Amino acid sequence: KDKTKMQLKKGSKYYYKIVTEEHVTLTQEPHSIYVGHISPENGTSVKIAYGIVDFCDSNGISLDNLVAVGCDGTNVNTGALGGVIRLLEMKLDRPLHWFICMLHANELPFRHLLCKLDGTTSGPKAFSGPIGKLLPICETFPVKHFSTIEMNSFPDVNFKDLSTDQMYLYKMCHAVNNGECPINLANKTPGPVVHSRWLTTASRVLRLYVSMEDPTENLVTLATFV
């Protein structure tokens, strides 16, 4: 969803208005060739799927050779009965390969574990359980003496490929593994709690863990999973 400046007409005069508009970008693989974009009436799977089909029809793009669709794992796209890909399959009357973002899917087990151990979410940026309620303020707690959680090995990564949030999580994993959280890392603020971005919530679980001398069993389980 993007804020878009639209030109509207009232009587003989034109004026501009900022509206929030759905934008779906279409690319062709391989080589990520830009095909175009659509602005469906809303973000439902029906509007997106039929918008893609109408766009292709209007621009003379044949879907006869379409064999795969790639997207993130939101239910609007991947719903088994009414997701965008399934609706495209029904429209084309044949199955398609589903290439779903693994980074998106990788967050789901952690989300389910947290909700199982600590309680469900309560809004787009809040939790209902005792651990979840401390996560938004975890960086304000002083680091205490904490037990190490040893890992057999760390993946070799090119730090230039990591985002700020990914780098923070990587360093926090090292801190928990070593049993020592450097002061400069403890003073950094993790990314915000938001349920569309579970990587930052995982970072906050570790930051909360290093501030607890006697963590609960559930917090130990969550930190070990992260």
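**A leucine in a loop**

Let us begin with Leu-63, which is found in the loop between α1 (45-58) and β5 (68-71). Helices (H or I, at least four residues) and strands (E, at least two) are DSSP runs, numbered from the N terminus. Before going further, please note that this is a predicted model, in which local features need pLDDT of at least 70, side-chain atom pairs count only at pLDDT 80 or more, and totals for chains, interfaces and linings use all residues. Residues are numbered from 1 along each chain as its sequence is written, and side-chain values use heavy atoms, with hydrogens and water left out.

Is Leu-63 buried or exposed? With a relative accessible area of 16%, Leu-63 is buried; the term means under 20% relative accessible area, while exposed means over 50% and partly exposed lies in between (1.4 Å probe, protein chains only). Not counting residues up to four places away in sequence, Leu-63 touches Cys-56, Leu-92 and Arg-94, where contact means heavy atoms within 4.5 Å. Leu-63 and Leu-92 are 29 residues apart in sequence, and their C-alpha atoms are 8.0 Å apart in space.

**Aromatic pairs**

I turn now to the rings. The structure holds six aromatic pairs. Rings of Phe, Tyr and Trp (its six-membered ring) pair if their centres lie within 6.5 Å; planes under 30 degrees apart count as stacked, over 60 as edge-to-face and the rest as tilted. One of the pairs is Phe-127 with Trp-198: the ring centres are 5.8 Å apart and the planes at 75°, so this pair is edge-to-face. Phe-127 lies in the loop between α5 (108-118) and α6 (130-134), and Trp-198 in helix α9 (residues 198-209), so the pair ties together parts that are 71 residues apart in sequence. Phe-127 is buried at 4% relative accessibility, and Trp-198 is buried at 4%.

Phe-154 and Tyr-170 also form an edge-to-face pair, at 6.0 Å centre to centre and 65° between the planes. Here Phe-154 sits in the loop between α6 and α7 (164-178) and Tyr-170 in helix α7, 16 residues apart. Both Phe-154 and Tyr-170 are buried.

**Cysteines**

How many disulfides does a search of the whole structure find? The search finds zero, a disulfide being a pair of cysteine sulfur atoms within 2.5 Å. For Cys-173, the nearest cysteine sulfur, that of Cys-181, is 12 Å away. Cys-173 is buried, with a relative accessible area of 15%.
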